[in-house]
Amino acid sequence: MIIASNRRDRDCQQRPIIMTSVRLPGNVLVAVMIACVATCYGFGLSLFPQIIPDMRKDLAFDYAFVGTVTGLVQFSSVAFAVLGTWLVHRIGAARTVVASVSLCGLCLSGIPIIDNLYGVAGLLMVAGATGASTFVPMINLASRVVRAEQRGFAMSLISSAPAFGVLINSALVAAYAGSGHWQMVWYLTGAATITLAIVTHILFGRAGLFDGGTSHETLASTAGASASLRSIMPWVVLIFALGFINGLMPYPYLTYLSPFLREELGYSVGFASWLWATIGAVGIGAGFAIGTISSRLGSRYAMLACYSSFLAAGALVVLDPSMELSILSGIFFSLGFYPIYGLLPAYVSHRATPRLAVTVLGICTVFQGIGGTTGNFFGGVIKTSTESFSGIYLAVAVTAAVAAAMTILLPKDQSGQAE
């Protein structure tokens, strides 16, 4: 009897967290993680670009202000990436996520209340930056609740989560902003985000994710992985450079998309909202498609597919910004945009321990924020100097080609060690 009892105890200890937290299965926890990223990136970061033309009518700001604010949002993401990395090591990944989602909801709710441009800019900066402090802990949580062979797939789904937010944004903008009630969009998204923070706190608590432990599976799956930055330095420099490009290239595409469509090309708010909805809908499927490539062929090939999609998206807009090709461009962009942010951490998770992976992801997010600041700033400069948005999309295509070449130089995923 005693031997059997001891054996059962050992079996329970050797099971991963997704098995020992019997109240919640692993797929529910991944769904909660997806929802958190969807709100902080989808609402906090991606809503403002959709609603720029409508807010400009009431608040009377120009595109220099747009470029500055969106650039500062990326800059503040740098600070929140550093803060998020520090908080993960201090208070744990789960608490960091809950705090970030809560802060995002409060900022979203406050934007329509303040009529001062500087106050609005400050809230936009914080709301957009919470995406960084929400996403940085995800590689830690995923390492605890997802098996190693499925981690690339799960991280692709998590990084594609903002597509859900974009899809909701487009519906809300079409319903309220088009009729002059853009404030209602912020109220609704803010309330939804605060509600999610409460639900997440409850579910993470029931799953035991507020505990600081690491599953035995996580330790086993990374037994052959590198444990110090110095040991991964030959290839991690490329990862940091790709993190910078992941901010530099995609964000200007999104930031200036609605103004390009509605003000330069003369398309209706309905078409612009429908195109944003298409980007969101395709992004949902992109996580599954690119995640499958990552699981079967490795993260490198999945990243190469993403950068090829960016190249096609930028080239199509430059060649012919007709309605048909604009939609096709949005589809290609969405195929690459949402999964790419999960592929870098998935790649790192196969070659480094979970603790080191969080640090690398935090540094990557810092570079991503710097890249986004740079991209949005020069996007505004291009528009001002050329009086057209087309140059922005040419820059997207060129930068995507460079990123694809850098991806080819990365070492192969160490799947054998990680899995």
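**Labels and their grounds**

Reply: A place to begin is helix H9 (residues 151-159), which is mostly covered, since eight of its nine residues are buried. Those buried residues are Arg 151, Gly 152, Ala 154, Met 155, Ser 156, Leu 157, Ile 158 and Ser 159. Please keep in mind throughout that this is a predicted model.

Me: How do you know which kinds of secondary structure the protein has, and how many of its residues count as buried?

Reply: The protein has 21 helices and zero strands. Of its 419 residues, 58% count as buried, which is to say that they fall under 20% relative accessible area. The protein exposes about 16,200 Å², and carbon and sulfur atoms supply 66% of that area.

Me: Why is Ile 51 called buried?

Reply: Ile 51 has a relative accessibility of 0%, and therefore counts as buried, the limit being under 20%. The residue is found in helix H4 (residues 47-59), and, leaving aside neighbours within four places in sequence, Ile 51 is in contact with Ala 177, Trp 182, Val 185 and Trp 186. Ile 51 and Leu 172 are 121 residues apart in sequence, while their C-alpha atoms are 9.9 Å apart in space.

Me: What makes the pair Arg 262 and Asp 54 a salt bridge?

Reply: The side chains of Arg 262 and Asp 54 meet at 3.6 Å, N to O, and the rule asks for a side-chain nitrogen of Lys or Arg within 4 Å of a carboxyl oxygen of Asp or Glu, so the pair qualifies as a salt bridge. Arg 262 lies in helix H15 (residues 257-264) and Asp 54 in helix H4, so the pair ties together parts that are 208 residues apart in sequence. Both Arg 262 and Asp 54 are buried.

Me: How many salt bridges does the rule give, and where do the partners of Arg 56 and Glu 263 lie?

Reply: The count comes to two salt bridges. The side chains of Arg 56 and Glu 263 meet in a salt bridge at 3.1 Å, N to O. Arg 56 lies in helix H4 and Glu 263 in helix H15, so this pair ties together parts that are 207 residues apart in sequence. Arg 56 is partly exposed because its relative accessible area is 24%, and Glu 263 is partly exposed because its value is 40%; partly exposed covers what lies between the buried limit of under 20% and the exposed limit of over 50%.

Me: Why does Tyr 187 count as partly exposed, and what kind of surface patch does it belong to?

Reply: Tyr 187, in helix H11 (residues 182-207), has 38% relative accessibility and therefore counts as partly exposed. Together with Ile 113, Ile 114, Tyr 176, Met 184 and Leu 188, Tyr 187 forms a nonpolar patch on the surface, with about 510 Å² of accessible area together.

Me: What makes the link between Ser 294 and Ser 299 a polar contact?

Reply: The side chains of Ser 294 and Ser 299 make a polar contact at 3.4 Å, and the cut-off is within 3.5 Å for a pair of N or O atoms. Ser 294 is placed in helix H16 (residues 269-297), and at 7% relative accessibility Ser 294 counts as buried. Not counting residues up to four places away in sequence, Ser 294 touches Gly 152, Ser 299, Ala 302 and Leu 343.

Me: How do you know that the span of helix H5 is close to what is expected?

Reply: Helix H5 (residues 63-91) has 29 residues and reaches 40 Å from its first C-alpha to its last, which is close to the 42 Å expected at 1.5 Å a residue. H5 is followed by Gly 92, whose phi is positive, near 100°.

How values were computed
Residues are numbered from 1 along each chain as its sequence is written. This is a predicted model: local features need pLDDT of at least 70, side-chain atom pairs count only at pLDDT 80 or more; totals for chains, interfaces and linings use all residues. Side-chain values use heavy atoms; hydrogens and water are left out. Helices (H or I, at least four residues) and strands (E, at least two) are DSSP runs, numbered from the N terminus. Buried means under 20% relative accessible area, exposed over 50%, partly exposed in between (1.4 Å probe, protein chains only). Contact means heavy atoms within 4.5 Å. A polar contact is a pair of N or O atoms within 3.5 Å; within protein, one must be able to donate a hydrogen and the other to accept it, and residues adjacent in sequence count only if both atoms are side-chain atoms. Patches are made of residues with over 30% relative accessible area and no salt bridge: like charges are joined within 9 Å, nonpolar side chains (Val, Leu, Ile, Met, Phe, Trp, Tyr) within 5 Å. Accessible areas come from the Shrake-Rupley method with a 1.4 Å probe; for residues, only the protein chains shown count as cover. The expected span of a helix is 1.5 Å times one less than its number of residues.
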